[in-house]
Amino acid sequence: MNPTTTAFLTDSTLCIGCKACEVACKEWNGLSGDGLNWSGHSYDNTGGFGHSTWRHVKFVEGSPQPGFGGNAAEHFSWEFSSDVCKHCEVAGCLEACPTGSIVRTEFGGVFIQPDVCNGCGYCVVACPFGVVERDRQDGRVFKCTFCYDRQKVGLEPACAKACPTESIKFGRLDILQLDARERLKELKSRGMHDAQVYDPQDTSVEGIHALFIVRGDPSQYNLPPKPEVPTTYLKAGWTGSAVAAGILLFGSILAFLGSARQ
Amino acid sequence: MSDPHQRPTPEHADWARENRLFEIRREAEKKGRVEAVGIRPAGAPFPLASPETGYYGIPLLKKPPWKWQIPLYFFVGGAAGSTAVIGATARWMGRDRALARDCRYIAAAGTALSTALLVSDLGRPARFLAMMRVFKKQSPMSVGAWTLAIFGTFSAAAAFAEMFERSFPSLPIRVMGDLAEGVSALAGLPFSNYTGVLIGASVVPVWNENVGSLPLHFGMSGLNSAVSILELMGHNHRALNTLGMGASAIETVEGYSIETSSKAAMDPLRRGASGLITRIGGVLSGPLPLALRVAAAFAGSRRSRKLRKAAAASSIAGSMLTRIAWLRAGHVSAANWRLPLEG
């Protein structure tokens, strides 16, 4: 593996839901705020990724669980997890981009060059993680840059720098993959048997550069169990297109041939 | 000391609540713990995140960002691409020069309108040129943009040659016009149906579920509207009717397979507003024009013509509605949080 390939490891067991990462991301990248509007979904006022929301702290408020909150039956179980663009090994957005605006950086991240993006919006429907969004006013799409500007000068991304509990770790991908395994072992030895690493390597995405340690089913964090790159559908699509073109061409020829004989 | 299992007796007691306390005690004694969830305040149950409800049921995927221009572009592009193929075939087989001429004009007008619609969705003209920076075969958007560029260039050249030649007949112009027409027809073959691949190769469940059949569906929809536009312009060639019949027949089969599929991803094509538009569009472009054209075959010549015009009008409306329906269905499908979280 390329030693300059960097990654995030976001450990939800360490996250305290302070949203320092969201704020740091917005301030460093000059993004507009999301407003302090209650969504009705726990303390999550952000809801999901957007063109101006590149880090998203999830508040997974689960049913009461024995052993949580003393014995009080009405107390909920809590998990926090700071979500981010996965910077996929095979990125749907990058494959789909018709302008070459979306590129792979020397750090292995997926970067949208804002001066090249023409706002066609095809990457939006090509991202299996729902990360990319078009800004209606601007017309172009935006997402996490993996702080390409900071990494260029040897700094860690703003979110990782601001995280007070080191829930967001930043480093070399290969090392963080080992760290994740070590951390999982440690958590299990401490009785957190439902902890797991989210890194869908056996899908067409072929792995991600933003790993997550979560407790319980990743689907309750909106992490899809089988993310697929849409290029996997191309073969079936173009075969269908060739069939349709053949029917159109030979249909036309036959129709004009047949009409001549009458 | 009183017996705790004895029911309370004071007159002012709230019997329901007292009995509830009694039940809790019985449960605690029996099981060693009480499983009740406590008081649920007004508005409860509150949304919870769980494997059953996902992340509060907030959709994982983003909705397609396209505006009204895109379904219209799908319609115009599909019709223009098919028209070029029909026109070139009509000319090469020496059948109907007037038909071939109008096909050149329609194809050229279609590309101008297509480009305008795309530019309108992008925001400003220079943005369309960014598509011409690179060619990426793994991106249907890139393949489509280049197909449009080639198709547009040669369709416009063919139409220009046609116009020029009528006033100043000259052999080189005619040869170049015919060549341009040929290239335009070749590009028209993929141009008439690539939009099916475009939306099929996406993460939107209802689209990628149908990636294999969408190009044929959109292609036949385009062919149907192309012959219908030509018929409404007054062309009465038998081949047009035959093509319209074939396209309607294939659209009927497509509509039938949508209606009979039992997959959850197909629901937006059958339920709600998007389902209604799909159904209306399907009937207008499949069985209705097919029946009208079959009826026309058995009717007298005046009546037959009327029936075919009705079939043409129905096909055009159906083709337009079909494109709107598929994009709406995509919106509904992307908002479904459940499908992408299933294994």
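Predicted model: local features only at pLDDT ≥ 70, side-chain atom pairs only at ≥ 80, totals over all residues.
Among contacts in chain B between residues at least 6 apart in sequence, 73% join residues at least 24 apart, where two residues are in contact if their C-beta atoms, placed from the backbone, lie within 7 Å. Residues are numbered from 1 along each chain as its sequence is written, and chains are lettered from A in the order in which they are written.

Staying with chain B, we find 14 helices and zero strands, these being DSSP runs numbered from the N terminus, with H or I over at least four residues for helices and E over at least two for strands. Its C-alpha trace spans about 120 × 55 × 30 Å along the principal axes, and the radius of gyration of chain B is 30 Å, whereas a compact globule of 343 residues would have one near 20 Å (taken over C-alpha atoms, the rule being 2.2 Å times the number of residues to the power 0.38). Of those 343 residues, 52% count as buried, meaning that 20 or more other C-beta atoms, placed from the backbone, lie within 10 Å of the residue's own.

Turning to the interface, 67 residues of chain A are in contact with 69 residues of chain B. On the chain A side, strand E2 (55-62), helix H2 (92-96), strand E6 (133-134) and helix H6 (234-260) each supply at least two residues, and H6(A) gives the most, with 20 residues.

Finally, leaving aside its neighbours within four places in sequence, Cys127(A) is in contact with Gly92(A), Cys93(A) and Val132(A), and also with Lys62(B) and Val203(B).

Conventions
Buried ≥ 20, exposed ≤ 12 C-beta atoms within 10 Å, placed from the backbone.
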